[in-house]
Number of protein chains: 2
Amino acid sequence: MRASDRAYAALRADIVHWRLPPGSVLAEVEQSERLGVSRTPLREALARLTAEGLTAAQRGRGVVVTDISLHQVRELFELRATLECRAAELASERGDREVFGQLSAELTGAAGLLNDPDPSRAAYYELVSRLDAAVDAAIGNSYLAQALKGLRVHLVRVRRLSQDNPGRLLAAAQEHATIARAIAKGNARVASAATTVHLDNSLDHLLSTNPQHPLTINTHPQ
Amino acid sequence: MRASDRAYAALRADIVHWRLPPGSVLAEVEQSERLGVSRTPLREALARLTAEGLTAAQRGRGVVVTDISLHQVRELFELRATLECRAAELASERGDREVFGQLSAELTGAAGLLNDPDPSRAAYYELVSRLDAAVDAAIGNSYLAQALKGLRVHLVRVRRLSQDNPGRLLAAAQEHATIARAIAKGNARVASAATTVHLDNSLDHLLSTNPQHPLTINTHPQ
DNA sequence: TCTTCACTCAGTGTATACAAAGACTGCGCG
DNA sequence: CGCGCAGTCTTTGTATACACTGAGTGAAGA
């Protein structure tokens, strides 16, 4: 694996998991020494991150990890709703019904996963990402799939803000199950509607647990 | 201006205007000598182009200008319809009515621009891009605006395929005027519908003037 | 005491040298 | 005559040295 790929993956993970919180300045020499690569591949990694919107180049001060305000979260969810509703419709028309039937069944029984002691809910999120992957494969549109992928990077970072409690996660799992069931039935209208409802609930939950603007207060959530 | 920016702008223009047709291999030393920059900024430019999807890295043979099949054009328009319809809706709700009223009037009178002897129709396309810019500003969603921007790069490249005749351009101008008028009236439903119609007509025209798959035959349209 | 200018220095932007990996070619063997 | 292998060579990947820009700081003058 190339050094630039390693640097990119490491930095991206650090940003997404808030080990590099918004506002962190990523000095080239400092990061290249930390990651054990030279400046050239590190610059390539930073360029990729900047293209994704995870970092931004500040004239004269290097690149910094971009901030996320609640206002931006709203914009993010507005685009997300647009893309995911369309994706749900297309998946309903073009998807493999068995795949989504199976996923729907698993999601309905996701309560078991949430009783798991794992605090990171890895098993649950893995199941959800399998649904995402199934939708990507079903829509048969690489441009749309790519747009969705680009969005999800930001959404994983935002997830840290939602401070999910078991109740919300259980409800979200059922909403996901509803979406998968509609796709399995080939009902595009319902799939789109269920997606709209799910995203609205998610955003409401996120906003209610983050009363005001100051997301930067949560910079070190530990 | 940085050397990497110049290299990026030059390569991007060359690709979009088909001076570097699909399949061209962009060897680093060759291009860096041609553009008068060293390999380092050129690599950065190539990385940006690859992130945009205009080029793709081929293991061991450098980066090549990506091909565009009719199938991909269909996918492109599918995503485009999704994003632009939503953008038209949001612009109807949030846009400045005077701005779009003015644009609508100009577009209605665009027949004059099309009688212009300029074969590149620069004046016409400048007017259309002003409509795009107005929509971007009106939607008030930087993520959606960014997604639209990323799409338009590919669309400019595809434009070369559509071999627009004056009749189609005039019809397109009227369709654009209809969209602008609906936005000016604040009628989101009609704005979205008019966008759907316009994009369907555009795709139909493009497909009818490119009978079969082999877009690569048009590699050197001059 | 405030403002401004110059100096220093940290850090990015660029060039180039070196290393490594993959592709092409030519030869030999079956 | 075809297939396979090895060697060479082109091209990318990485490291590092140098240049240049911009920011911060200190002192001096008003």
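In which hand does α1(B) pass α3(B)? The crossing is right-handed, and the views below show a predicted model. Residues are numbered from 1 along each chain as its sequence is written, and side-chain values use heavy atoms, without hydrogens and water.

**View 1. Helices α1 (residues 3-16) and α3 (residues 39-52) of chain B cross at roughly 45°.** Their axes (lines fitted to C-alpha atoms over the stretch in contact, with angles from 0 to 180 degrees between N-to-C directions) come within 8 Å. Contacts (heavy atoms within 4.5 Å) involve, among others, Y8(B), L11(B) and I15(B) of α1(B) and L42(B), L46(B) and L49(B) of α3(B). The contact comprises ten nonpolar, one polar and five charged residues.

**View 2. Helices α7 (residues 122-139) and α8 (residues 142-162) of chain A pack at about 165°.** This angle makes α7(A) roughly antiparallel to α8(A). Their axes lie 10 Å apart, and α7(A) passes α8(A) in a right-handed crossing. Y125(A), D132(A), D136(A) and I139(A) in α7(A) meet residues of α8(A) including L148(A) and R152(A).

**View 3. D136(B) lies in helix α7 (residues 122-139) of chain B.** D136(B) counts as buried because its relative accessibility is 17% (buried means under 20% relative accessible area, with a 1.4 Å probe and protein chains only). Its side chain makes a polar contact with the side chain of R152(B) at 3.1 Å (a pair of N or O atoms within 3.5 Å, one able to donate a hydrogen and the other to accept it). Not counting residues up to four places away in sequence, D136(B) touches A145(B), L148(B) and R152(B).

Technical notes: Chains are lettered from A and ligands numbered from 1 in the order in which they are written. This is a predicted model: local features need pLDDT of at least 70, side-chain atom pairs count only at pLDDT 80 or more; totals for chains, interfaces and linings use all residues. Helices (H or I, at least four residues) and strands (E, at least two) are DSSP runs, numbered from the N terminus. Angles under 35 degrees count as roughly parallel, over 145 as roughly antiparallel, 65 to 115 as roughly perpendicular and the rest as oblique. A crossing is left-handed if the near helix is turned anticlockwise from the far one by less than a right angle, and right-handed if clockwise. Buried means under 20% relative accessible area, exposed over 50%, partly exposed in between (1.4 Å probe, protein chains only). Ala, Val, Leu, Ile, Met, Phe, Trp, Tyr, Cys and Pro count as nonpolar, Asp, Glu, Lys and Arg as charged, and the others, Gly among them, as polar.
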